[in-house]
Amino acid sequence: MTYAPITSPRAPSEDAAPLPHTALDAASVRAAYRRWASIYDASFGGVSLWGRRAAAAAVNALPGRRVLEVGVGTGLALPRYAPDKRVVGIDLSPEMLALARDRVAEDGLVNIEALLEMDAEATSFADGSFDVAVAMFVASVVPQPRRLLSEMQRVVRPGGHILFVNHFAAERGPRWWIERALAPASRKLGWHPDFRFEALLPPEALARAQRRAIPPFGLFTLIDLPV
Amino acid sequence: MPDEDAAAPPPPIDPRLLEVLVCPLTKTTLIYDRAAGELISRAAGLAYPIRDGIPIMLADEARRLETP
């Protein structure tokens, strides 16, 4: 899944308690992306460019060739992977995946091994299938971020890496105040200004994770979590 | 993209992908039916469709297999 307006009941939950994952949920999410797919690249695509660039560069710098991109969307990051990486992309939206497939064909991206329609919280991969799993602007739009994390930990081999790039709530300073003030409007735009590191990472993982603010504004953060 | 010839066989799934793909419900291995364009989970009794080269690994979208 990529970043787009999600209507209730798919709002991200900071509650770690399991919630039922119903067909209605998937249907509403897919409906949202069906409306959104055609204008996605021209709208959020530009804003997120710095984040995708940083995430792909981080993937390329890590050892191992097997890469999973969770929430591959329209495939904006796919041309940025090194040719020696073998990339599998998943997304819940068939409309977004169709655009990604066209991009792979038009750009001749032979290192993109497959695109599949899957639920990021319940994927179809065997344990330890990948060296690296990366989720760009996904963690704050899934119903249960901790379940996303668990699934990514399951499919990455021990010694591999999980990367997230996302907007996280500022913890202090001017950005905190601005985000608080914008919160009501930004919710309508699919922006989740109150999404916190703790909603995704339990304390143990938060302690191990490397966090890096991405230039130019530090609006997004790149997280590297060793498995 | 030009329309694909309906008579052309579907592009095969990468064998390396098949090695790591499992049923999302049972986490058991899948059988690839290239002619039908499906990934079959005997354990779940479901056939997951492959549409335009994209496997749809969602139980809601799968075809239920007839019981033998």
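Colleague: Which strands does α3(A) lie across, and at what angle does it run to β3(A)?

Modeller: This is a predicted model. In it, α3(A) lies across β2 and β3 of chain A. The helix runs at about 165 degrees to β3(A).

Colleague: What span should helix α3 have, and what is the distance between its end C-alpha atoms?

Modeller: Count 1.5 Å a residue. The 14 residues of α3, 94-107 in chain A, should then span 20 Å. The end C-alpha atoms are 20 Å apart, which agrees.

Colleague: Which residues of α3(A) are buried?

Modeller: General idea: an α-helix has 3.6 residues a turn, so residues three or four places apart point the same way. Here M96(A), L97(A), A100(A), R103(A) and V104(A) are buried. Seen down the helix axis, the buried residues fall within an arc of 115 degrees, so they line one face of α3(A). Just after the helix, G108(A) takes a positive phi of about 60 degrees.

Colleague: What is the strand order in the sheet?

Modeller: The order is β3-β2-β1-β4-β5-β7-β6 in chain A, an open sheet of seven strands with mixed pairing. The edge strands, β3 (112-117) and β6 (210-213), each pair on one side only. Neighbours are turned by 15 degrees against each other on average, direction ignored.

Colleague: How many bridges join β2(A) to β3(A)?

Modeller: Five, and the two strands run parallel. For instance, G89(A) has L115(A) in β3(A) as its bridge partner.

Colleague: Is G71(A) buried or exposed?

Modeller: Buried, because its relative accessible area is 1%, under the 20% cut-off. G71(A) sits in the loop between β1 (66-70) and β2 (86-91).

Notes:
Residues numbered from 1 in each chain as written. Chains lettered and ligands numbered in written order. Predicted model: local features only at pLDDT ≥ 70, side-chain atom pairs only at ≥ 80, totals over all residues. Heavy atoms only, no water. Helix = DSSP H or I, 4+ residues; strand = E, 2+ residues; numbered from the N terminus. Buried < 20%, exposed > 50% of the residue type's maximum accessible area, 1.4 Å probe, protein only. Expected span 1.5 Å × (residues − 1). Arc of directions from axis to C-beta. Pairing = 2+ DSSP bridges. Axes fitted to C-alpha atoms, helices over the stretch in contact; angles between N-to-C directions. Contact = heavy atoms within 4.5 Å.
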